[in-house]
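Hi,

Here is the structure I said I would pass on. Have a look at it first, and then read my notes below.

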Amino acid sequence: MTRLYDSRKRILVTGGAGFIGSHLVDRLLEQGHEVLCVDNLFTGTKRNIEHLHNHPRFEFVRHDVTFPLYVEVDEIYNLACPASPVHYQHDPVQTTKTSVHGAINVLGLAKRLKCKVLQASTSEVYGDPDIHPQVESYWGNVNPVGPRSCYDEGKRCAETLFFDYHRQHGVEIKVARIFNTYGPRMHHADGRVVSNFLVQGLRGEAITLFGDGRQTRSFCYVDDLVEGLVRLMATGPEVTGPVNLGNPNEFTMAELAEHVLTLTGSTAGTVERPLPRDDPRQRKPDITLAGTLLDWAPRVELAEGLENTMAFMKQRLAEIAEHA
């Protein structure tokens, strides 16, 4: 594996026990760094990091980023925030606090330490987009008062804070806009389309399509996404982002459902339900900037990624059944 750092660093990953965060922690440890994983375990789980329990360069701290954190590190990845509608709508006020207060706290830490800090932003900053595919210069079409606003506007405000700390205080920032990401360690009940479809397919249930199934998403495998994050962090101070990270291969929800039915061997078919409010009709990243600045593009095809994710989900569902 290519080493993108010249020397060992002590790196803070907030949200490090989450789905993406735990894979990022693994990657950083593989590169020889020390990793401080911080998570309040609201959506993250110790199961995602239990294989690191005795790792000599890994440390876990249970902490909520809405409160200041006093540590000494060389770099910060800020991934702390519930990212699926089921979870971020459970306590919308806390979701906004996590994005906004969390950003203020990690930026204050980076300012004091004079270190790089990367914000895991989201394609949700584009809302229900009027342009397709989405480029970084697009300002978005976001409902500021809807049920998804706690996440969408929280992440938009976090980006504002990052760029204001950069302009006002000279903090070296990196902002990644993450598009739909999937893979092992996804929560089986997080409400995201890949996990929903796989769980329903494995259980032999009809797959739920919201609306007519023609809305689109672009799915990036977690290993590809982590590679993009690491490459973005390794850039010089002239690169701030925002940079789209996602897979530009676009699929309708109906097409994804057919993939999953075939993969799981289910014959239950699909069932339609009303489309949730403010659900985006299209999602497809323009990743030209990531290719130019990071020499990055996703490599894992959907068929391979789904197979890996299904194997994880099958094991997880077996564990749940065993302890039921």
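A quick term before we start: a residue counts as buried under 20% relative accessible area, exposed over 50%, and partly exposed in between. Keep in mind, too, that this is a predicted model.

With that cut-off, Glu153 is partly exposed, because its relative accessible area is 26%. Its partner is Arg156: the two form a salt bridge, with the closest N and O atoms 3.0 Å apart. Arg156 is also partly exposed, at 27%. Both sit in helix α4 (residues 149-169), 3 residues apart, which is about one turn of the helix.

Another one joins Arg10 and Glu34, whose closest N and O atoms are 3.9 Å apart. Arg10 is in strand β1 (residues 10-14) and Glu34 in strand β2 (residues 34-39), so this bridge ties together parts 24 residues apart in sequence. Arg10 has a relative accessible area of 23%, and Glu34 has 29%. Glu59 comes in here as well: Arg10, Glu34 and Glu59 are linked in a salt-bridge network.

Then there is Arg214 with Asp212, where the closest N and O atoms are 2.8 Å apart. Arg214 is exposed at 65%, while Asp212 is partly exposed at 39%.

Now for the inside. The largest nonpolar core has 60 residues, and Tyr77, Val194 and Phe219 are among those with the most contacts inside it. Helix α6 (residues 222-233) gives the largest share of this core, 7 residues. A second, separate core has 24 residues, including Leu109 and Ile173.

Cheers

Definitions and conventions:
Residues are numbered from 1 along each chain as its sequence is written. This is a predicted model: local features need pLDDT of at least 70, side-chain atom pairs count only at pLDDT 80 or more; totals for chains, interfaces and linings use all residues. Side-chain values use heavy atoms; hydrogens and water are left out. A nonpolar core is a set of buried Ala, Val, Leu, Ile, Met, Phe, Trp, Tyr and Cys residues joined through side-chain atoms within 4.5 Å. Buried means under 20% relative accessible area, exposed over 50%, partly exposed in between (1.4 Å probe, protein chains only). Helices (H or I, at least four residues) and strands (E, at least two) are DSSP runs, numbered from the N terminus. A salt bridge is a side-chain nitrogen of Lys or Arg within 4 Å of a carboxyl oxygen of Asp or Glu.
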